[in-house]
Amino acid sequence: MKYMLPLFLILMITVLPLHAADLTARQIMERVDDRDDGDNGVSDMVMTLIDKNKNKRARKIRSYTKDKGEDKQRIMFFVMPADVKDTGFLTYDYDEYSKDDDQWLYLPALGKSKRIASSDKSGSFMGSDFNYSDMTSKNLDAYDFRILDEKEVRKEKVWVIEAIPKAKEEIEETGYTKSVLFVRQDNYMVVRGVHWVNEGGRIKYMDSPKIELIDGIWVATKRTMTTKKNKKILHKTELNFYNVKFNQPLEQEVFSLRRLEKGL
Amino acid sequence: MIIRFRQKIENGFGRFAHLIYRNHWKVLFLVLILVAGFASQLPKLTMDTSTEGFLHPDDPAMIAYDSFRNQFGRDGVLVVAVTAPDVFDLSFLTKLKQLHEELRTNVPYLDDITSLINARNTRGEESTLVVEDLLEHWPEDAHALAAVKQRAMNNPFYQNLLLSEDGTTTVIVIKTDVYSSIGIDKEEVMDGFDDEAFESDATEGQRKFITDEENNELVIATHQIAERFNGLDFKVRIGGGPEVMYMLKQTMQTNMKRFIRLALATIAIALFIMFQRISGVILPLLVVILSLLSTLSVMAMAGIAFKLPTQILPSFLMAVGVGASVHVLAIFFSHLQKGSSKEESIAYAMSHSGLAIVMTSLTTAAGLASFAGAEVAPISDLGILASSGVLLSLLFTIVLLPALLSVIPLKAKSGDNAEKRHLRMDKIVIGIANFSTSRHKLILAVSGIIVVIGLLGVAQVRFSHEPYKWMPESMSVRQAGDFLDQKMGGASMVEVVVDTGKENGLYEPHIIKGLEHLKYEIEQINDGPLTIGKTLSVADIIKETNRALNENQDAFYTVPENRDLIAQEFLLFENSGSDDLEDFVDSQFSKARFTIKMPWTDSIYLDKLSVDLKKRFHQQLGNDVEITVTGINALLGRTMAATIFSMTQSYLIAVIVITIMMIILLGGLRIGLISMIPNLTPIILTVGVMGWLNLPMDLFTILIGSIAIGLAVDDTIHFMHNFRRYHLETGDVADAVRRTLLTSGRAMLVTSIVLCIGFFIYMFSILTNLFNFGLLTGFAIAMALLADFFLAPALMMQFYKQGKPAVEE
């Protein structure tokens, strides 16, 4: 009974600071970074590429992810279209920023796998409007963050946070001179983003029109990235995720070259 | 009957003149209002000096070009070439990087910039596929630098595109925006998520392409930056389509402005010398300026943009305007000198020359109106505008001129000087008249020989269009362009689009292999003036990727046989360098772009090349694919071909129309036809001179014909009209010729001298096309005068000697 008050006080002190309104931009971004995005996940993704004339190209990809400590492993296989079926990509996304990610690819028609050495993440992912830096976590120390505003996106409250790279290297790495991120206040998900591209006067708009809670994890089951210039849409990518499951029995063996070369 | 009809009209003009005299203030006021009305429309005038402005918007070649630009962006690239003793030197590369960065940040409307700094380098290193920019990892030591050099020099893609064969010149390629940014306000961040933007694209219709002003801005910015970097071991040269376009436009505009002013000045001086009066200078020039002003207003009202060929309009109106007003004034002053009152002199001048002026104006207008049917937009515009201009000039001459003469205090010049000059000129003119009539057979024979020589010259005329070469070699744009042509295989592009018509059509090995084969075939073309520097297509990318995937072995620098492998290699490429891919293929992989880079070439060869290319491509790729040859240079080639055809057509129609009018106006079939001889001779001789002197018949000189027609016809009508009148009175040819030359002849002489000087002044221009323009137009004017001073009288002697001197009614 004696300990009730101190315990209570300690509880109050630890719980109270968690009040959202007092967080700094940096702190918010830290929480975004630390957010649980699930482990041992399996999903089917349909990637639809839409050009400025509204022509569509669709690809279906099956993807597996597994955390290894702080690092992330991902292996994906093309299911469709037929001419690229079983093409696979294996990625080790290292938490340590100074360490380049490892990526291997397997082209069934070639019959062998290759390691891809590509040091910047500004390149497009699979020809889509997403680039690699969009798919991986950022080095928070490389940015100056600032809360611009609080708004609502699809009736949910968000912080509007500006992220400006501190050094040229980061701009070269990601391909963006500036970003504005819309972070949901309830689950620290980045639901919208605007990125100013380094070259050619382009601006990219990321949106998550559909967000679901699956196996206790918040997942964007529909995500779009639109590249615009002078208010005109140059290209748009839609990602739709199906059959998203977490905590699947995935062995480390799944994330190996041997498995990559087997295809689906 | 015709005589009386003519007399009635002449009397009518006399009465009209009297009417104006008595109401001169009212007339002046009305004219002022009219002019003000016209002038108010002037601000609406737009300018369009693009090559695209040459074709009608619904011309299939234009539609194909627009479709190409919408898909692949702008075809002309701005090229910044840097020369050094050794490109692969660390300090040089450092400076190059700085230049690259500066251009990237500070050149407006920039879509993409490529140089050795960020050039794609795909290679295989054992089991690793390396995809990076060539200078991603800045070489730290000599060893790393040597490796970079080796990679660059051995990369077939860089050769003649980013790097010269001897490794001393490297190029920064700037691709500009294809669309205009005018009228676009900055996007609101939240609005960007509005997907309606997609829908509105369809309803918005065609986006405007990059404008001249925007092109100017970016070229100027590039120059400013390049100048700062230019140095001894870092020689910077700027070339490429946007540069040449800019320079050409600038020089054309400054030259035209300068020379129009010079021409006006020299004409003013010449007029003064002729008339020895200020009024003799101001009045004709006023008529010219007002008709020019009103014609430009008509352009503005009709929404016709001022284009490159339309730049000839001021010179044309000057020629025509001076001609008509000088005729009136010459007769007016002559009469005034003889002692008549001002009112009488005005009436006499108007009755004497009014009909003739109307006839010349109508004939010229009708002749030029035949241009309106031309396929080439600016030429059909010119037809409409020039004929409108002539009629407006007529209006000012017969209304404003008498009114002003009524107002201005004018007296006969006193003193012997005026008398002496008058008599001197009379003597000359009479001398010519006598010579022409007495030696008419000689004249006809000599003229016949000259015409034959002229026709031989005409047969030698070569069609050509090289606006690039209008600029003198001393200009930096020429030096840069010639350097690029020599060292880098040129900076001028022809584009071929291969449309397989189905999604993933480009996955087919035979298509990619076909493109590969075409590369070898086309790069071999070396046909005199036509040489190909380099070709680029998606086949290069596939081969590069294939080699990189196979440990960089050269044996694998080939196109795979396996369709799936091609599909997967495309996927791989999309995954790493898809920015480059969109330059070569559409997103459906159904269309491939094949770029042909070459030195600046005469457009006359490009039309033939286009036809040849289509044949070759179909041969290699079959008939299931659709082949389109486009790009701005191919467009010029097509324009050239279209123009030659339509101009020839237009001139023929003009000749027929004018012949008919001459027959009607002169009141007789035979005399009408005969009058065409002094009409056509100056033109034949002028074109003949072009042939003999090897002056090119290009899109600029071809318009000289319009001025030549205008003036040759004017002179002939004046001669014939007056000759008929005098001949009817006496039946004596020699006497009629003498009297004709004493009246209208004097005016024709004055006009021709004045205009010759005004046009010969263009020969001081540095631009060869303006030099040729001045030379040829002046020559045509001189020939028109000689034809009507010598040939026409001789023809009349011949015509009337044969049989009845009676007039055909």
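Predicted model: local features only at pLDDT ≥ 70, side-chain atom pairs only at ≥ 80, totals over all residues.
## A nonpolar patch on chain B

Helices are DSSP runs of H or I with at least four residues, strands are runs of E with at least two, and both are numbered from the N terminus. The patch covers about 600 Å² of surface and is made by Ile449(B), Val452(B), Ile453(B), Leu456(B), Trp692(B) and Leu693(B). A patch takes residues with over 30% relative accessible area and no salt bridge; nonpolar side chains (Val, Leu, Ile, Met, Phe, Trp, Tyr) are joined within 5 Å, and like charges within 9 Å. A salt bridge is a side-chain nitrogen of Lys or Arg within 4 Å of a carboxyl oxygen of Asp or Glu.

Leu456(B) sits in helix H14. Its relative accessible area is 48%, so Leu456(B) is partly exposed. Buried means under 20%, exposed over 50%, and partly exposed in between, with a 1.4 Å probe and protein chains only.

## Chain B as a whole

Chain B has 24 helices and 14 strands. Its C-alpha atoms fill a box of roughly 105 × 55 × 55 Å along the principal axes. Of the 809 residues in chain B, 62% are buried. Areas come from the Shrake-Rupley method with a 1.4 Å probe; for residues, only the protein chains shown count as cover.

Among contacts with a separation of 6 or more, 80% join residues 24 or more positions apart. Contact means heavy atoms within 4.5 Å.

## A buried alanine

Ala794(B) belongs to helix H24, residues 768-801. Its relative accessibility is 0%, so Ala794(B) counts as buried. Beyond its neighbours within four places in sequence, Ala794(B) is in contact with Ser436(B), His440(B), Ile443(B) and Leu444(B). Ala433(B) is 361 residues away along the chain, yet the two C-alpha atoms are separated by 9.4 Å.

## A charged patch on chain A

Asp33(A), Asp34(A), Glu70(A), Asp95(A) and Glu96(A) form a surface patch of negative charge. Asp and Glu count as negative, Lys and Arg as positive, and His and the chain ends are not counted. Each charge is placed at NZ of Lys, CZ of Arg, CG of Asp or CD of Glu.

Asp95(A) lies in the loop between strand E4 (88-93) and strand E5 (102-107). With 33% relative accessibility, Asp95(A) is partly exposed.

## Notes on the model

Residues are numbered from 1 along each chain as its sequence is written, and chains are lettered from A and ligands numbered from 1 in the order written. Local features need pLDDT of at least 70, side-chain atom pairs count only at pLDDT 80 or more, totals for chains, interfaces and linings use all residues, and side-chain values use heavy atoms, without hydrogens and water.
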